[in-house]
Amino acid sequence: MEEFEASTAAKKTKTIYISTVFGIAMVLLMVGMLGLILVHANNLSRYIKENMVVNVFVDEGARETDVLQFKRQLDGNRYVKRTQYVSKELAARNLQKDLGEDFVKFLGVNPLSQSIDVYMKADFANNADLTRFANELRKNPLVKEVKYQQSLVEQMNKNLTNISLVILAFTGIFVLLSVALINNTIRLAIYSQRFLIKSMQLVGATKAFIRKPFLLYGIWHGLLGALIAAIILVGTLYLAYRQIPDLVVLQNYYEFGVIFAGMALLGIFISGFSTFLAVNRFLRLKIYQLYR
């Protein structure tokens, strides 16, 4: 009977610790996802800004060699990330693709102008710098017209700022909730061992001696939970990249490493500290209080 009870208690304890590890893993997984979103929010903002186009239309009588020379000058401009020359023929093909019909054949002439698509550096993708840049371009005799969407730029910057603040606030709140959830999960696990803790104390074991194995288990569980969370997160990101190839531009293995290291440290710290507090709580209790 005693052997059966001991076996049942061992299985129950193992089940509690397994659920604790997976509880830690799920919490750290959410923290990791929010961490990745927060870290990549700036990268995403930069990517969006650097893919906003300023269309510089050149004079119809301008020679292609002069336009290409002007393009090289723009490439060296401090505002410019990169440029792309769009000839009249390329512009016509792009418009035909959008319209779904050959308008050149219908009109008998190509009415489009050659142009240069300018992609700004992220730091200058705002209306103030874009207006200054456009005014500089208009002074060039080759430039016929400069077009960009002012309202879109303003709305884009406003939305990106608001999104970053919301993500930051949400991440902070979720980290606090995660600490509370992991702490409660570990306290429940230690609660199942309260009689063992008090028995060791009654036979003369020191508090440090009693705490040591529990702390080691707590640290191991935190590390194991972080590892499981990291594996799930990597698998999720891999599937996301398979479905949305454009997300590859957000890959930064150094940042991923920082996030995973942060998850491991957070799991170890919360699990170890919560275990320390829980064990100390039961060490201070009287015997009759263990039955409450």
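Predicted model: local features only at pLDDT ≥ 70, side-chain atom pairs only at ≥ 80, totals over all residues.
Trainee: How many helices and strands does the protein chain have?

Mentor: The secondary structure comes to nine helices and four strands. Along the sequence, the pattern reads α-β-α-β-α-α-β-α-β-α-α-α-α.

Trainee: What share of the residues in the protein chain is buried?

Mentor: Buried means under 20% relative accessible area. Of the 292 residues in the protein chain, 38% are buried. Contacts tell us something else. Take those between residues at least 6 apart in sequence: 81% of them join residues at least 24 apart.

Trainee: Now the helices. At what angle do the axes of α7 and α8 cross?

Mentor: For a helix pair, check the angle between the axes. Helix α7 covers residues 194–202 and helix α8 covers residues 207–243. Their axes come within 9 Å and cross at roughly 150 degrees. Angles over 145 degrees count as roughly antiparallel, so α7 is roughly antiparallel to α8. The crossing of these two helices is right-handed.

Trainee: Which residues meet where α7 and α8 touch?

Mentor: From α7 come Ile197, Met200 and Gln201; they meet Lys207, Phe209, Ile210 and Phe214 in α8. By type, the residues of this contact are five nonpolar, one polar and one charged.

Trainee: How do α7 and α9 cross?

Mentor: The axes of α7 and α9 come within 9 Å and cross at roughly 60 degrees. That makes α7 oblique to α9. The crossing of α7 with α9 is right-handed. On the α7 side, the contact uses Arg194, Ile197, Lys198 and Gln201; on the α9 side, Val279, Phe282 and Leu283. These residues divide into four nonpolar, one polar and two charged.

Trainee: And rings? How many aromatic pairs are there in the whole structure?

Mentor: Start with the general idea. Two aromatic rings are described by the distance of the centres and the angle of the planes. A search of the whole structure finds three aromatic pairs. In one of them, Tyr79 and Phe124 have ring centres 4.8 Å apart and planes at 65 degrees, so the pair is edge-to-face.

Trainee: Where do Tyr79 and Phe124 lie?

Mentor: Tyr79 is in the loop between α2 (64–75) and β2 (80–86). Phe124 is in the loop between β3 (115–120) and α5 (127–138). The pair therefore ties together parts that are 45 residues apart in sequence. Tyr79 and Phe124 are both buried. Ring pairs also link Tyr79, Phe124 and Phe133 into a cluster.

Trainee: How are the rings of Phe269 and Phe273 arranged?

Mentor: Their centres are 5.8 Å apart and their planes are at 5 degrees, so the pair is stacked. Both sit in helix α9 (residues 253–284). Because they are four residues apart there, about one helical turn separates Phe269 from Phe273.

Trainee: How exposed are Phe269 and Phe273?

Mentor: Phe269 is exposed, with a relative accessible area of 57%. Phe273 is partly exposed, at 43%.

Key: Residues numbered from 1 in each chain as written. Heavy atoms only, no water. Axes fitted to C-alpha atoms, helices over the stretch in contact; angles between N-to-C directions. Parallel < 35°, antiparallel > 145°, perpendicular 65-115°, else oblique. Left-handed = near helix turned anticlockwise from the far one by under 90°. Contact = heavy atoms within 4.5 Å. Nonpolar A, V, L, I, M, F, W, Y, C, P; charged D, E, K, R; others polar. Phe/Tyr/Trp six-rings, centres within 6.5 Å; stacked < 30°, edge-to-face > 60°. Buried < 20%, exposed > 50% of the residue type's maximum accessible area, 1.4 Å probe, protein only.
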